Amino acid sequence: MQASRRNFVYSLGTSLGSIALSAMLSDDAQAASVANDSAAAPLAPKAGHFPAKARNCIFLMMEGGPSHIDTFDPKPSLSKLHLKEFTRQGEQKSAMESGKRYYVESPFRFGKHGESGADMADNWTHLSKLADDLCFYRGCQVDSVNHPTAMYQMNCGNRFGGDPGLGAWVTYGLGSENQNLPGFLVLPEVSYPQGGAANWSNGYLPAFYQGTPLRPKGSPILDLQPPPGVSAARQRANLDFLNKLNADHAAKHPAHDDLNARIESYELAFRMQMEVPDAIDLSGEDAKTLDLYGIGGEATDAFGRKCLLARKMVEKGVRFVQLYNGSWDSHDYIERAHGNLVRSVDQPIAALIQDLKQRGLLESTLIVWCGEFGRTPDNGVRGGVAYGRDHNPNAMTIWMAGGGCNAGHTIGATDELGMTAVENVHHVRDFHCTLLRLLGLDDNKLTYYHAGRFKQLSQFGGKVIDELIA
């Protein structure tokens, strides 16, 4: 009787309804299968969709929006317009870019560096020596002039938050080579970037894939050691008992993905107690290496430690490491603000590239440097003249190193004043597709069924920027 009633109801929808129902049931089964696979071995290494150029990624996020005009994209025409005032109006212009304004020339001098003749401001004294290892891209554009939404778009592909971060997508697609460490690690500032932890969230992916932030001061991970008097054997016995209770509960509620993630997190925490202390300990590095990264230097110590830690994590098989540095939001006094920021990251970043290179890891490690947007060639008149720049989603410079990128080339261009990209122009979704391709992943195949459709990093598909790949 039950079967006949089901068949009767099923037939009511005619052929189109039947197809839709079949598709929904199939999608549910696939989603359940993915969840079950994730629960069994969520971070086990997986084969990508293509032969990979890179196995790991270190993503250097300069939060706040570094000025391309004052770092890697010189605009000499601004010298002729310096301090010239004008008015910008328009219904589609934000309050920040409208009204009375004036042009600002760069306070930094530029030079051509390496055999590639890469344009770099002269205060990049360490990185400029590695110009031929870098691939500069000047054609990227984003959609927002607001920091949180632009950060979400650069990190997660979606301006409005709630979607998985880049590292979450990569570890979902590839797993990680070290089961004793998180596959996606984040090294933030003392204060989190605008948008907070949602920048490295797992979003709608299983909770296994969320980023794990390490604290910038004190112990990178709290409660790493068991309390006094608790032996490893006792801790293991307690964990086994807890897992049995959780497993029994999970069997009754198979759709509760968070419980499986919690069980795995307990197990990972236990394994991390054995491996993390060595992974985060920099005392074993020789003096030459510490000096290379600028550790101990007043300006370079903080970011130098992050870069060295990123190298150690990649060396140990962590799939995706994201480093934050901020804030590059230089609306005023850009010579002082950007000057101090470049001074703090120049030597550590150059050291990271050199160190990976001499260890034979640069070819398999993709390094990405960017902010959430670029900056304007002009500034608003706000009760005085202070040479700075406002937000600019239409022009920015991103560079990459290692990992199969087209090193020694500058791809794309911006207009004469640096206001908008005019050559090899692509939305950030295409840049994301390119990063995935370098890691052996196809954005159109790296999907997850959620809220009635298969979702992907690019939101609705994108195009690989072939010029960025060697």
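**Salt bridges in the predicted model**

Arg 138 and Asp 73 form a salt bridge in which the closest N and O atoms are 3.7 Å apart. Because Arg 138 sits in the loop between β6 (134-137) and β7 (140-141), while Asp 73 belongs to the loop between β1 (56-63) and α3 (78-81), this pair ties together parts that are 65 residues apart in sequence. Both partners, Arg 138 and Asp 73, are buried. The model is a predicted one, and a search of the whole structure finds 21 salt bridges in it.

- The side chains of Arg 88 and Asp 378 meet in a salt bridge, with a distance of 2.8 Å from N to O.

- Arg 311 and Glu 315 are joined through their side chains by a salt bridge of 3.1 Å, N to O.
- These two residues, Arg 311 and Glu 315, are 4 residues apart in helix α9 (residues 301-315), and therefore about one helical turn separates them.
- Arg 311 counts as buried, its relative accessibility being 2%, whereas Glu 315 counts as partly exposed at 39%.

**A network of salt bridges**

- Arg 311 and Glu 315 also belong to a network of salt bridges that links them with Glu 285, Lys 312, Asp 355 and Arg 359.

Conventions
Residues numbered from 1 in each chain as written. Predicted model: local features only at pLDDT ≥ 70, side-chain atom pairs only at ≥ 80, totals over all residues. Heavy atoms only, no water. Salt bridge = Lys/Arg side-chain N within 4 Å of Asp/Glu carboxyl O. Buried < 20%, exposed > 50% of the residue type's maximum accessible area, 1.4 Å probe, protein only.
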